[in-house]
Amino acid sequence: RTRKVMINNRRILIVDDNESIHADFKSILSPDRTTYSNLDAIEARLFEKTTPSLPSITFEVDCASQGQEGYTKVIDAAKAGRPYALAFVDVRMPPGWDGIQTVERIWAEHCELEVVICTAHSDYTWDQMLERLGHSDRLLVLKKPFDTIEVMQLAHALTEKWNLAHELRAQVADVERKVVEQSREQQEFAFNLLHDQLTDSPDLPPR
């Protein structure tokens, strides 16, 4: 039976102690479609456009105000079968875990998450981040104040990367399962064939 592959995961977690940053990310990644519809309708009348254009992809955005809360959300979402594909994680989040500690804890249990570290300060150098988190193709840094286009491009690229990697892992697991099943069937066939041959052959004369 083919394993069902989870595709089109656009779930994103924002981990930042500043609620205005939450609002900024939501306005970029999960805009109010009603507002877009109204603006597009006005634009269509002004510029004689016939087809209003809504964003082709919007994201499901959740927020956490501290590292511990973000960690809990990631783990709980994964256990519920609705994992986040990407997290934007702030570095400074007093009084609790900072962003690097948060990512360390998350990756220790849920290493598939794509992460963008957001920072306006030099709390950690790139080398220090690598020393703590290791070399990973799942880690990027975004400097504050961030650009809207940068955030949207990162969200599109990294959630798509997560989906492709998830699909590939599922396909590999499916192939491995089929190989195991075929090997078991071949062993059973060989055993049954040998059993039939021994059953059909005449008794060997006693020595």
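The model is predicted, so local features are given where pLDDT is at least 70, side-chain atom pairs count only at pLDDT 80 or more, and totals for chains, interfaces and linings use all residues. Residues are numbered from 1 along each chain as its sequence is written, and side-chain values use heavy atoms, with hydrogens and water left out. The protein has 6 helices and 5 strands, where helices (H or I, at least four residues) and strands (E, at least two) are DSSP runs numbered from the N terminus. Along the sequence these elements follow the pattern β-α-α-β-α-β-α-β-α-β-α.

**Overall build**
- Of the 207 residues, 34% count as buried, a term that stands for under 20% relative accessible area with a 1.4 Å probe and protein chains only.
- Among contacts (heavy atoms within 4.5 Å) between residues at least 6 apart in sequence, 79% join residues at least 24 apart.

**The sheet and the helices across it**
- An open sheet is formed by 5 strands in the order 2-1-3-4-5 with parallel pairing, two strands being paired if DSSP finds at least two bridges between them.
- Strand 2 (60-64) and strand 5 stand at the edges with a single partner strand each, so one side of each is left without a neighbour in the sheet.
- Strand 4 and strand 5 run parallel and are joined by 5 bridges, and Val 115 stands opposite Leu 139 in strand 5.
- Helix 3 lies across strand 1 and strand 2 and runs at about 165 degrees to strand 1, the angle being taken from 0 to 180 degrees between N-to-C directions of axes fitted to C-alpha atoms, for helices over the stretch in contact.
- Helix 4 lies across strand 3, strand 4 and strand 5, and runs at about 170 degrees to strand 4.

**The nonpolar cores**
- The largest nonpolar core has 24 residues, and those with the most contacts inside it are Val 89, Val 103, Trp 107, Leu 113, Val 115 and Ile 117; such a core is a set of buried Ala, Val, Leu, Ile, Met, Phe, Trp, Tyr and Cys residues joined through side-chain atoms within 4.5 Å.
- Two or more residues of this core come from each of strand 1 (11-15), helix 3 (67-79), strand 3 (86-90), helix 4, strand 4 (114-119) and helix 5 (126-133).
- Apart from this core lies another, of 19 residues, among them Phe 25, Cys 118, Val 151 and Ala 155.
- Val 103 lies in helix 4 (residues 99-109) and counts as buried because its relative accessibility is 2%.
- Not counting residues up to four places away in sequence, Val 103 touches Val 89, Val 115, Ile 117 and Leu 133.
- Leu 113, leaving aside its neighbours within four places in sequence, is in contact with residues including Val 74, Tyr 84, Ile 106, Trp 107 and Arg 138.

**The buried face of helix 1**
- In helix 1 (residues 19-29), the buried residues are Ile 21, His 22, Phe 25, Ile 28 and Leu 29.
- Seen down the axis of helix 1, these buried residues fall within an arc of 135 degrees, so they line one face of the helix, the arc being that of the directions from the helix axis to the C-beta atoms.

**Two cis peptide bonds**
- The peptide bond from Pro 94 to Pro 95 is cis, with omega near 10 degrees, and Pro 95 is placed in the loop between strand 3 and helix 4.
- The bond from Lys 144 to Pro 145 is also cis, with omega near -5 degrees, and Pro 145 is placed in the loop between strand 5 (139-143) and helix 6 (148-200).
- As background, most peptide bonds are trans.

Conventions: Buried means under 20% relative accessible area, exposed over 50%, partly exposed in between (1.4 Å probe, protein chains only).
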